[in-house]
Amino acid sequence: MARTDQAGDANEVTVRQSGRGHAASVVQNGSGNTVTVTESGAGGGEAFILQNGGANRAQVLQNTMTGANLLNLWQDGSENAASVVQEGSLNAIDLEQSGDRNNADLSQTGDENKMDVQQLGDQSLTARQDGSQSVLVFRDALGGPAISITQTGVGAPPVIITKQ
């Protein structure tokens, strides 16, 4: 199932689904925003995407094995970019980017990984979870250099970063 709601000019949405039980909901307000969602596998992926502003981009790949992967992605501002890959089962990402020129490159491979990311303008984060049951909480309101985080293994220690 795929649903879209768009207001503004030159917004684009592409949704590709194969397998069963997938859901994608995309809302775009503004101009020049693009979203591409690809969902495959047997477990059902769920992607909820809201973009407000202009020239925001989101690219999502969910390959679900047995239990649904979940993505909530919210971008408010201009020229924000998000690339999300979820492969496995029962992974969850909450991503909020507000302000302008944020970039998030997020990847989960394995099962039961969780990411909660918030960026508030001119931020860049690359985060990888390879394994199972990892937790990442990232809040950045200050900006600064690009940050890269990798968690590997089963039950890797939680990573909590707050810059405010």
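This is a guided tour of a predicted model, going from the whole chain to single residues that can be selected one after another.

**Before selecting anything**

Because the model is predicted, local features were required to have pLDDT of at least 70 and side-chain atom pairs count only at pLDDT 80 or more, whereas totals for chains, interfaces and linings use all residues. Residues are numbered from 1 along each chain as its sequence is written, and side-chain values rest on heavy atoms, with hydrogens and water left out.

**The whole chain**

Start with a cartoon view, in which the protein shows 15 strands and zero helices; both are DSSP runs numbered from the N terminus, with helices being H or I of at least four residues and strands E of at least two. The C-alpha trace spans about 45 × 40 × 15 Å along its principal axes. The radius of gyration of the protein is 15 Å, which agrees with the value near 15 Å that a compact globule of 164 residues would have; this radius is taken over C-alpha atoms, and the globule rule is 2.2 Å times the number of residues to the power 0.38.

Switch to a surface next: the accessible surface comes to about 7,200 Å², and 50% of this belongs to carbon and sulfur atoms, the areas being computed by the Shrake-Rupley method with a 1.4 Å probe and, for residues, with only the protein chains shown counting as cover. Of the 164 residues, 42% are buried, where buried means under 20% relative accessible area, exposed means over 50%, and partly exposed lies in between (1.4 Å probe, protein chains only). Among contacts between residues at least 6 apart in sequence, 13% join residues at least 24 apart, a contact being heavy atoms within 4.5 Å.

Now select Gln75, which lies in strand S7 (residues 69-78), and Gln51, which lies in strand S5 (residues 45-54). Gln75 counts as buried because its relative accessibility is 0%, and Gln51 counts as buried because its relative accessibility is 0%. Their side chains are joined by a polar contact of 2.6 Å; the term denotes a pair of N or O atoms within 3.5 Å, of which, within protein, one must be able to donate a hydrogen and the other to accept it, while residues adjacent in sequence count only if both atoms are side-chain atoms.

**Val84**

Move to Val84 in strand S8 (residues 81-89), which counts as buried because its relative accessibility is 1%. Beyond four places in sequence, Val84 is in contact with Gln59, Val60, Leu61, Leu71, Leu73, Ile93 and Leu106. For a distance across the sequence, pick Thr38 as well: Val84 and Thr38 are 46 residues apart in sequence, and their C-alpha atoms are 10 Å apart.

**Gln118**

Select Gln118 in strand S11 (residues 114-119), which is buried with a relative accessible area of 19%. A polar contact of 3.4 Å joins the side chains of Gln118 and Glu96, and, not counting residues up to four places away in sequence, Gln118 touches Glu96, Phe138, Arg139 and Asp140.

Next, display backbone torsions for Ala55, in the loop between S5 and strand S6 (57-64), where phi is near 60°, a positive value in a residue other than glycine. Glu112, in the loop between strand S10 (103-111) and S11, has a positive phi of about 60° although it is not a glycine. Ala55 is partly exposed, with a relative accessible area of 34%, and Glu112 counts as partly exposed at 37% relative accessibility.

The last stop is Arg16 in strand S2 (residues 12-17), which is partly exposed with a relative accessible area of 48%. Leaving aside neighbours within four places in sequence, Arg16 is in contact with Thr36, Val37, Thr38 and Glu39.
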